[in-house]
Amino acid sequence: MYKDDFLQKRLTDRSDLNLLRKLPAIHTDWIDFSSNDYLGIATHHLLSDSKELEHGSKGSRLLAGNYSLIEEAEQITATFHQAEAALIFNSGYDANIGLLSCIATRDDTIIYDSLSHASIRDGIRLSLAKSYSFQHNDMDDLKKKISKATGTIYIVTETVFSMDGDECPLKELVETANQYHAHIILDEAHATGVIGNKGEGLAQHLQLHGSIFARVHTFGKACGAHGAVVLGSERLKSFLINFARSFIYTTALPATAVNSIIQSYHLFPCMKEERKRLYEYIQQFQNASLSYQKLTSLSAIQGVVVPGNDAVKELALYLQNNQLDVRPILSPTVPSGSERLRIVLHSFNTQEEVDKLLKLLGNTNLTI
Ligand SMILES: Cc1ncc(COP(=O)(O)O)c(C=O)c1O
């Protein structure tokens, strides 16, 4: 059999800390308060295989894998997001590690928000540049870190933070970047399809897209699809085609996946009602009085803080036993003491479902 006994110790260590990850059981009857399908595009099967498309892929984009539908998708996303150019990557993870690992030289500095997603951190770890984190959304700390910076300076942040649901102060970030001649890289993963009149994201919503060096939009959240795009100048696109290893050394997305992206981008502008309903639920959640501390968030991601891994797991289990799909986020993924339920609201949740969730979270009689 496999000679892999040496793997067991680290698994046991994790298990002893009650942190062993397992693929979750599948419950098709649970009410979805967990997926990133904010507008129901995946849940309601709004992406169809209407076209005769080739299944499979033939190679990397730079060899046999380029094809007209993927170039069309780049054109569509660039136009939708008012960017000069767009380059599709196979996932948001690939886009962030590709962009961040290659953009800066060893003489440059990358400064990133301390709550940045793992894909941003991993990209920075692969970079030769110096890097510093700044305290979450803290412009004073950002300026402090900029004062230590050398070479070309990059500021990296997210529109909506994936574990807290709060937004970055984009206007202030742009002002700071302008003041110090820094370049902003903005991950709009959780804003795509949701923020803005047509779902175009925060940068365009605030008319700041012209001041942002690179934007990353992912297709695995509200698009209900897969992949991601880096938006910027034609020169940046050419740079990435030449230096982003997660673009160069991988097989292109298949046409079926790209067709889903195109369909989502056709749907977004028409989904005003869905966005309106989602924002109504967000308001209702923020206004509700719960037995636990809520994080302030104007996004679909709502955090309910339940300190302690055991306590948060127990509350999640209680909700799951009531058919609500709510997942606990444990330390060390979030700092110890701020363990939380990560609740995701969707336009397709019914009023009764949201009321049930709030009622259970407001029930102070729980012995948890
Ligand atoms: C902020 C952020 N960026 C990037 C990613 C990675 O995107 P993908 O799932 O397409 O790899 C995620 C996904 O969790 C995310 O939350």
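Mentor: An axis is a line fitted to C-alpha atoms, for helices over the stretch in contact, and angles run from 0 to 180 degrees between N-to-C directions. Helices (H or I, at least four residues) and strands (E, at least two) are DSSP runs numbered from the N terminus. This is a predicted model, in which local features need pLDDT of at least 70 and side-chain atom pairs count only at pLDDT 80 or more, while totals for chains, interfaces and linings use all residues. Residues are numbered from 1 along each chain as its sequence is written, and side-chain values use heavy atoms, with hydrogens and water left out.

Trainee: At what angle do the axes of helix 5 and helix 6 cross?

Mentor: The axes of helix 5 (residues 139-147) and helix 6 (residues 170-179) cross at roughly 20° and come within 11 Å. Angles under 35 degrees count as roughly parallel, over 145 as roughly antiparallel, 65 to 115 as roughly perpendicular and the rest as oblique, and helix 5 and helix 6 are therefore roughly parallel to each other.

Trainee: Which residues of helix 5 and helix 6 meet?

Mentor: With contact meaning heavy atoms within 4.5 Å, Met139, Leu142, Lys143 and Ile146 in helix 5 meet Glu172, Leu173, Thr176 and Gln179 in helix 6. Ala, Val, Leu, Ile, Met, Phe, Trp, Tyr, Cys and Pro count as nonpolar, Asp, Glu, Lys and Arg as charged, and the others, Gly among them, as polar; the contact of helix 5 with helix 6 has four nonpolar, two polar and two charged residues.

Trainee: How do the axes of helix 3 and helix 4 cross?

Mentor: Helix 3 (residues 92-102) and helix 4 (residues 118-126) have axes that cross at roughly 30° and come within 7 Å, which makes helix 3 roughly parallel to helix 4. Gly92, Tyr93, Asn96, Ile97, Leu100 and Ser101 in helix 3 meet Ser119, Ile120, Asp122, Gly123, Ile124 and Leu126 in helix 4, and the residues of this contact divide into six nonpolar, five polar and one charged.

Trainee: Which residues are closest to the ligand?

Mentor: A residue is near a molecule if one of its heavy atoms lies within 4 Å of it; here 13 residues surround the ligand, the closest being Gly92, Tyr93, Asp187, His190 and Lys221.
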